[in-house]
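Hi there,

Here is the structure I promised to pass on to you. Have a look at it first, and then read on for what I found.

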Amino acid sequence: MRNNNQSIELEYYKKNNISPVHYNLKNLKKHFEIRSSLYQLLGVPPKLVYGKDVLEVAPGSGHNSIYTATLMPATYHLVEPNPLGCQDIVNIFKKLSLRHTKPKLYKLKLGNFKTKKLYDIVITEGWPGGYLDFDKRMLKKLSSFLKPGGIMLISFFPPIGGMATYLRRLIGNRIISNSDNFKDQTNSLNNAFSSHLINLKSMSRSNEHWIQDSMLNPYICVAHNTPELCLKILNHKLQIYNSVPKFADDWRWYKSLHGKSKNFNENFILEYNKVSHSLIDYRINSSRRSIKKNRELEKFCFNFAIKTKNNERLGIKKYKQNIEPLLKKIIQNIKKDLPKNVLQALIEANNLLKKKKIDIYDVKEMKYFSSLFGREQCYLSFIKN
Ligand SMILES: C[S@@+](CC[C@H](N)C(=O)[O-])C[C@H]1O[C@@H](n2cnc3c(N)ncnc32)[C@H](O)[C@@H]1O
């Protein structure tokens with residue numbers, strides 16, 4: 001898997017003829033406000049995009065791109081290889097009546113996109129991760145399109161934040177069968193998890209799209225990434241500028257920030273490692289604890305992702321043998337430092353996974369785990385040195 005050169009997610013989308021990344025656009029003002037808040041937190045207020053050259057890779061169905069286009073960049077290039085996503089992009093821009101910059105759509109994989117042009121802002125959300133060699137190359141390629149001083153916005157999927165999803169995949173795979181067709185699998189999982197999703201008050205996607213993108217998508221267990229890994233992949237040629245959520249404080253005196261002592265990346269990683277355990281549950285506000293414990297937790301969750309990938313279809317025996325011991329280590333690691341309901345949720349998931357047969361009813365009725373969702377979609381902005 002590590003040397004696989006395929007776009008796993010893209011193949012999955014194409015095979016099932018889906019682009020499961022639609023947002024609720026009934027209230028466009030609200031959607032635009034959400035996008036504007038995200039950009040602002042990443043250090044990109046609307047005026048900064050005006051008149052700039054912007055490249056967005058993997059825009060999916062273009063639901064986020066319509067906001068960016070209304071900020072009136074000078075050029076707006078989109079690179080998206082999923083045929084259904086491309087069709088959605090063309091349609092959504094046809095319908096957009098607000099003043100905007102018309103994007104140029106390249107119906108290509110990033111690997112096949114070539115240009116001599118450099119951009120002020122490069123954006124990608126939901127792809128690529130940082131674990132597969134192929135994704136590492138793609139992340140590096142993205143950064144190569146930036147002008148010096150340009151800004152790159154990316155999302156990253158931290159493995160600690162992925163825990164709730166890995167566990168839901170393990171549960172979900174015990175409900176569906178390989179012989180069910182894609183639609184039936186989607187319906188069964190919707191039936192099981194809709195009582196969980198209803199607890200996510202700010203959810204802006206349909207259950208169906210969430211299930212197809214997070215539960216059935218084979219890419220999820222290899223999509224993880226961390227800020228530290230990003231910096232390594234990018235060879236420290238970019239500096240971390242901002243993040244969502246805000247991980248880092250910087251109380252150093254600005255007059256001390258020159259030459260080697262600037263250390264923006266090192267300061268960010270230090271701060272991130274103090275709070276990263278909080279990613280396991282989106283309801284938690286950040287609290288601090290030992291860096292050593294958090295590094296250990298990250299390592300466990302990194303392994304949990306891979307073990308989930310390798311065992312999620314293999315049933316209870318392999319769960320008990322290969323996964324439960326790791327889950328116990330994770331529970332042990334966070335036991336003293338996180339709210340009781342997080343532990344109760346993990347223990348409840350473990351107890352369910354140890355049942356010989358899991359019914360949809362059992363999943364629906366989960367008392368603690370039904371409200372546990374991690375911070376999966378986090379963001380980083382970088383400035384090119
Ligand atoms: C999870 S979706 C994210 C869509 C959108 N950015 C969003 O946040 O809603 C991932 C996107 O990555 C695209 N993708 C996958 N492999 C790609 C590749 N090799 N080059 C460019 N885009 C790719 C998929 O087609 C899909 O649209």
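Which strands does H6 lie across, and at about what angle does H6 run to E5? Please keep in mind as you look that this is a predicted model. H6 lies across E1, E4, E5, E6 and E7, and its direction is at about 145° to that of E5.

**The sheet**

To place those strands, start with the whole sheet. Seven strands form an open sheet, and their order is E3-E2-E1-E4-E5-E7-E6, with mixed pairing. At the edges stand strand E3 (104-106) and strand E6 (238-244); each has a single partner strand, so one side of each has no neighbour in the sheet. From one strand to the next, the twist averages 20°.

Strand E1 (residues 53-57) and strand E2 (residues 75-79) run parallel and are joined by five bridges. In this pair, glutamate 56 stands opposite leucine 78 of E2. E6 and E7, on the other hand, run antiparallel, with six bridges joining them. Here glutamine 239 has isoleucine 383 in E7 as its bridge partner.

**Strand E5**

Why is strand E5 (residues 146-156) described as largely enclosed by the rest of the structure? Eight of its 11 residues are buried, so the rest of the structure largely encloses E5. E5 pairs with strand E4 (residues 119-124) in the parallel sense, over five bridges. One place to look is tyrosine 119, whose bridge partner in E5 is leucine 146.

Isoleucine 151 has isoleucine 383 in E7 as its bridge partner, and phenylalanine 156 stands opposite cysteine 378 in E7.

**A buried helix and an exposed lysine**

Now turn to helix H7 (residues 163-172). All 10 of the 10 residues are buried, so H7 is largely enclosed by the rest of the structure. Among the buried residues of H7 are Met163, Tyr166, Arg168, Arg169 and Gly172. The buried residues of H7 pack against several helices, including helix H8 (182-197), helix H12 (291-311) and helix H13 (315-334).

Is lysine 232 buried or exposed? Lysine 232 is found in helix H10 (residues 227-233). With 12 other C-beta atoms within 10 Å, lysine 232 is exposed, because a residue counts as exposed when that number is 12 or fewer.

**Around the ligand**

Which of the 22 residues around the ligand come nearest? They are Ser7, Ala58, Gly60, Gly126 and Trp127. Helix H1 (residues 8-16) gives the largest share of the shell around the ligand, namely three residues. By type, the shell divides into 10 nonpolar, seven polar and five charged residues.

Enjoy exploring, and write back with any questions!

Best wishes

Note on methods: Residues numbered from 1 in each chain as written. Predicted model: local features only at pLDDT ≥ 70, side-chain atom pairs only at ≥ 80, totals over all residues. Near = placed C-beta within 6 Å. Helix = DSSP H or I, 4+ residues; strand = E, 2+ residues; numbered from the N terminus. Nonpolar A, V, L, I, M, F, W, Y, C, P; charged D, E, K, R; others polar. Buried ≥ 20, exposed ≤ 12 C-beta atoms within 10 Å, placed from the backbone. Pairing = 2+ DSSP bridges. Axes fitted to C-alpha atoms, helices over the stretch in contact; angles between N-to-C directions. Contact = placed C-beta atoms within 7 Å.
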